[in-house]
Amino acid sequence: MGSEARATSDLARRLGIEENERVEVAGDVGSDLRRALREALGRGFVRSGELDAAVVAVEDANEAAQALVRYRPRLRPTGRIWLVTPKRGGRWQLEQLRVLPVARKLGLIDNKTCALDTERSAIRFVIPRALRGRQTDSGDQSKSRRSSPTT
């Protein structure tokens with residue numbers, strides 16, 4: 001495998017994208033990332049239904065918050081939302097601080113960041129393990145805990 005092909009497949013691996021997952025891509029994430037994701041999936045992207053992952057290009061905190069609100073209801077319990085952002089030094093870190101309260105209200109946490117290339121990075125939002133299986137359709141935490149069967 002040539003170095004360019006290896007670098008392309010590495011992009012999907014960094015995002016944890018696996019064959020046959022249900023992934024939606026939105027915005028200008030770059031042709032190299034789109035190609036890498038399609039190759040890893042072995043098929044095209046989805047536009048409706050449940051998601052294992054959403055990979056969304058955002059420019060600022062408002063777009064990021066809108067993406068979290070839009071994709072959270074469709075996220076499977078072990079799914080993730082990747083926000084792809086331009087590298088801007090400290091500016092995105094300040095923007096990220098504005099997104100975190102929205103994520104928490106939706107029952108999401110940020111748990112990983114990765115560099116995609118010299119110009120872009122990505123941050124991953126997931127449902128915490130403690131909350132998986134206790135979600136309502138809106139993505140809010142259920143008021144009651146699941147009762148465990150007694151024996």
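How much accessible surface does the chain have, and what share belongs to carbon and sulfur atoms? About 8,700 Å² in total, with 47% on carbon and sulfur atoms (Shrake-Rupley method, 1.4 Å probe; for residues, only the protein chains shown count as cover).

This is a predicted model: local features need pLDDT of at least 70, side-chain atom pairs count only at pLDDT 80 or more, and totals for chains, interfaces and linings use all residues. Residues are numbered from 1 along each chain as its sequence is written, and side-chain values use heavy atoms, leaving out hydrogens and water.

**View 1. Overall layout of the chain.** The chain holds 4 helices and 5 strands (DSSP runs numbered from the N terminus: helices H or I, at least four residues; strands E, at least two). From the N terminus, the order is α-β-α-β-α-β-α-β-β.

**View 2. Strands 2 and 3.** Strand 2 (residues 51–57) runs parallel to strand 3 (residues 75–86), joined by 6 bridges. Ala54 stands opposite Ile81 in strand 3.

**View 3. Arg120 in strand 5.** Arg120 lies in strand 5 (residues 120–126). Arg120 counts as buried because its relative accessibility is 12% (buried is under 20%, exposed over 50%, partly exposed in between; 1.4 Å probe, protein chains only). Residues it touches include Asp32, Val84 and Ala115 (contact: heavy atoms within 4.5 Å).

Note on methods. Pairing = 2+ DSSP bridges. Lists of a residue's contacts leave out its neighbours within four places in sequence.
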